[in-house]
Amino acid sequence: MKLLEIKNLHAKIGDKPILRGINLCINAGEVHAIMGPNGSGKSTLCQVLGGREGFEVTEGSVTYDGKNLLELSTEERATAGLLLGFQHPVEIPGVKNIYLLKEALNAQRAARGLDEIDTFAFMKQVRELTKTMGMDDAFLHRGVNAGFSGGEKKRNEILQMLLLQPKLALLDETDSGLDIDALKVVSEGINMLRGADRGIVLVTHYQRLLSYVEPDFVHILYKGKIIKSGDKSLALQLEAEGYQDILEAAS
Amino acid sequence: MTEQHITEQQEIEHLMQREYKYGFTTDIEQDIIPPGLNEDVIRLISAKKNEPEFLLEWRLKAYRHWLTMTPPTWAHVHYPPIDYQALSYYAAPKTADELAEIEASKPQSLDEVDPKLLETYEKLGIPLHERAVLAGVVQPSNVAVDAVFDSVSVTTTFKAKLAEAGVIFCSFSEAVHNHPDLIKKYLGTVVPAGDNYYAALNSAVFSDGSFVFVPKGVRCPMELSTYFRINAKNTGQFERTLIVAEEGAHVSYLEGCTAPQRDENQLHAAVVELVALDDATIKYSTVQNWYPGDEEGKGGIYNFVTKRGDARGARSKITWTQVEAGSAITWKYPSCILRGDDSVGEFYSVAVSNNYQQVDSGTKMIHLGKRTRSTIVSKSISAGHSQNAYRGLVHIAKSADDARNYTQCDALLIGDRNGAHTFPYIEAKNSTAQIEHEATTSKISDDQIFYLQSRGISEENATNMIVNGFCKEVFNELPMEFAVEAQALLAVSLEGSVG
Amino acid sequence: MSRAPLPEWLVSTLDQQEPAAPGEIHTTARVQVVEWGLPTLRDEEWRWTNLRALTRPLPKPQQTATPEGSGLNAILPQAIFIRFAGGKLVECPGELPDGLRLTPLREADLDQRAAAFAPKAVTPNDALLALNTATAAEGLIIDIAANADIKPPIVLEFLDAPSETAAQTRVLVRCGPHSRATLIETATGADGVTSWRNSVLVAALAANSQLTHLSLGLDGDARLLTDRSFVTLARDARYRSINIQLGGQLVRREIDVNITDTGAHCDLFGLMMPRAKQVLDTHTRLTHGAAHTTSDERYQVIADESGRGIFKGRILVAQDAQKIEAYQSSRNLLLSDSAEIDTKPELEIYADDVKCSHGATIGRLDDEALYYLQSRGISTANARKLLIAGFAQEIVDLLVTPELVEWMGGIISRRLERQNAQ
């Protein structure tokens, strides 16, 4: 079953074209890794799929779960089961983490025609997840990402993902800035989400994460285009040879 | 213009089109003194209320002083000069005629109150708990309500229960007749008749208000509550509230207001005086939602209020908490005179302004006693074309050894056509003073909104979440039932707005 | 607005000299000053500063000698010195580096004079500005050519001695595009001799120019000074004001900076150390009138004995001035129960995409720090002195050169020494 189908996607910021014809198909049950050097368009792709304003899609289409993704608002994408994990999660002082989790979960439930979750059941679920992620309950009562370390922010992203159980998780450099212990915890979290009815896209700069979360497909993004696709060996090759050789070979 | 800018503009336009939820008037025959102000009008007001001589003299003195004064010009607000001769200075509902004639019986139950009036309260969502209590439907609430319809207190509830505890809670007029000694002793001792232009005017023509007296050692058994509204055309409303907490007494007083929609500007110049003796605590909370004017800035209430607490006794404490969402112009500085040694003053404020509203509000903390402490937390949110200013004075007198003040003023901007201003006055005359003031001004960032949206939360909810988070420190200070009301009010006030 | 009528003795000085302001500007100001009179404490802008001293004619001096200068010539031998005594230009060097031109106001042409008298009052009924405009006859035009990098500091020494008319001076500084210069104003007076100067300095910074402007109030315990600067910044211009006021019976400085174009930056740094019965007051008003401009303001007051220190700083961000970063701090030490500090840091913001913050503190010396120094064998008096000097040093360190920092540090320590000895 096709979850996400990107066809010839072009996008620009102002007058500057960033994505120059991306083609990508993700089926339920698959884990894809998108790799590429800095400035290749990885983050832009995530932002465009997330519905961030300020990017102009000039050509192409994105179909998500049978719907035209580009016509949906950011929150509609989220409630339809698309989750964007941020490279730099923003700090929102004053808004408690627990409050965000509850609002977000209830928004999902509302979109599916379900009642608001029972507070007791909610708290139980959240506490289990914080434990899984090696987080202290105190995190729940702090402002969203406010004063969190880089690693804590990323764990928080995964915590949200596990709670919201998205159909498609799009994780933008979730591994960057993590020490090895945090990387393991984050990877475990991602692996917990893997399942026959879900898709996961890992956008990363390094092969390191892929040793813990084994991708089914690896794509290399360069200058706004996927120039090479393969299985997980491609990531290893990349690690061994560096981008330069592969880029040269591809061009 | 960027795409994002356009949406923001549209959203703000939507925001500006929001209508005042409580915009309706009630048809009730009113007993109005013809417009105009002179000594005869004051004598007439006093006579109608059958006041003792001392009060009439006090009014006349205030009036004569007012004639020598000019309206303040230093506030960051703009409005055409008010024609004080065009205003009416007294309006009482028909049922209250009887009230004015002191011997006549007052409505003993709600059945005797003009049903239309009760209907108005109902539409406004004012919980007149007594009805429920009388009907035996709901358990008695622990909130006593002294409802003010225009100028005359119509009904006072829970008197019996309060009387049992020795607490006096009644209309000001009633107190004048039943407790003249207390009135004589405390009236004008915190806000003198000639204190400022609007206070002097109020002192001359005040119509009614609330009086609370909590005797020595008594903890008031319930939250006291008053709802103010303005209903009659061209009537200024001049409420006068006096709260006295004797040694060791505790009282929490809640004031809330809504007003029907009007075209003409209406003046509201209230005076609130609080007196806290040794070890007494007074908590005064306000949720203010008067008609702010339409989206073009036409109409709306001029809210020129003098609120001041005198922490007269040692270890006394006065807390002002306010959520200001309404009024075309707000000119209001609930203040504390920290006279007693070790007395404490607190001010927690959320001021929301939208469309063409103008707010110039803050507090004054006057430290006179030793080891006095004050805390100021002010949060302002400006949207539309509004102007929102914090103006606060911290004054440490020479006598105030080891005084402390902490002030935090944060401004949140929504849209780019409004203003957020901070004018703190800090005066220290004692070298042991420690004063800290911090202020920030920021907007709700697009990144924050996008992050919340990407978690499935609508833009509107995202804004509300951030705004509520921004105001949390103040909401925490409100009594529970008010905190919920305040959050709802903020959500309505900022409906559709976006950072 | 409550006003005291213009005192008789001032009215009589209005027409004593041929005014330098061009015709209509002069006529208007001449009418205004009489109409407005002097501000009083009821005036919001003057609520903390009393001009009572000006209501009577100043006392006739017993001695008439010109006070000593700043002493800066010893440490800045290369600097260009210009001297005003009793409000009269008495020394103006002829030999100047390339790119610098000095024109006494008396010899200035109409255009120069029009520019010098161009700034309009920012506050209502600004009688002192009108008084200067109506009567100033003495002053200087400083022109810095485009691309000129004037290395030696330009020093304006004001030797404040009593004069028959109140000293009314007007200085115009025009910084050409891409130029760079340092201007130092010093004020000195003889102790016990009352003098009054009501001066105005106008600075116009063209695109990408840079001006460092020191204003140093030194000796003279009976000096009265009402002084103001009007500064405008064009695109990418950088202005740094360092205002250190030590002497004077009453000093009121008003600094108005208007950032008119993008990329410009302004620093406003100040230190006031009132003691005895001194009143030292600075009002700053900084307008961010364009997007992408930044400012940093830091003011410190150290008030001892019966001294009063007053700081009011307004930062105004205009409606379309987005992406502004402005920071303002007012930190104060109150060392005596007879001293007083009044501070009012204001933010007035009409744009939404801004990062503005301010902070203010008033406190005494840190007991912990005092105790620490004492525990190291330092006497209480010396420990206090060290801590006070350390607090002042935060502003002194911002002075342009090591020589200036050392010189000013020395002045401040000697001053604290004298105080200790008393």
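In strand S2 (16-27) of chain A, Glu5(A) has Cys25(A) as its bridge partner, strands here being DSSP runs of E with at least two residues and helices runs of H or I with at least four, both numbered from the N terminus. That bridge belongs to the antiparallel pairing of strand S1 (residues 2-13) of chain A with S2(A), which extends over nine bridges; two strands are said to pair if DSSP finds at least two bridges between them. The model is predicted, so that local features need pLDDT of at least 70 and side-chain atom pairs count only at pLDDT 80 or more, while totals for chains, interfaces and linings use all residues. Residues are numbered from 1 along each chain as its sequence is written, and chains are lettered from A and ligands numbered from 1 in the order in which they are written.

The open sheet of chain A has four strands in the order S2-S1-S4-S5, with antiparallel pairing. Because S2(A) and strand S5 (67-68) of chain A each have a single partner strand, they stand at the edges, and one side of each is left without a neighbour in the sheet. Helix H1 (residues 42-50) of chain A packs on this sheet, where it touches S1, S2 and strand S4 (56-64) of chain A, and its direction makes about 70 degrees with that of S2(A). Such angles run from 0 to 180 degrees between N-to-C directions, the axes being lines fitted to C-alpha atoms, for helices over the stretch in contact. Residues are in contact if their C-beta atoms, placed from the backbone, lie within 7 Å.

Between chains A and B, 24 residues of chain A are in contact with 19 residues of chain B. On the chain A side, helix H2 (74-79), strand S7 (92-96) and helix H3 (97-111) each supply at least two residues, and H3(A) gives the most, with six residues.

Chain B also meets chain C, in a contact that takes 31 residues from chain C and 30 residues from chain B. Strand S20 (340-349) and strand S21 (354-363) of chain C each supply at least two residues of the chain C side. Strand S23 (residues 434-443) of chain B pairs with S21(C) in the antiparallel sense over seven bridges, and Thr441(B) stands opposite Cys356(C) in S21(C).

Within chain C, an automatic or database domain assignment gives domain 1 (3-261) and domain 2 (366-422). Their centres, taken over C-alpha atoms, are separated by 31 Å, and eight residues of domain 1 are in contact with eight residues of domain 2.

Conventions:
Contact = placed C-beta atoms within 7 Å.
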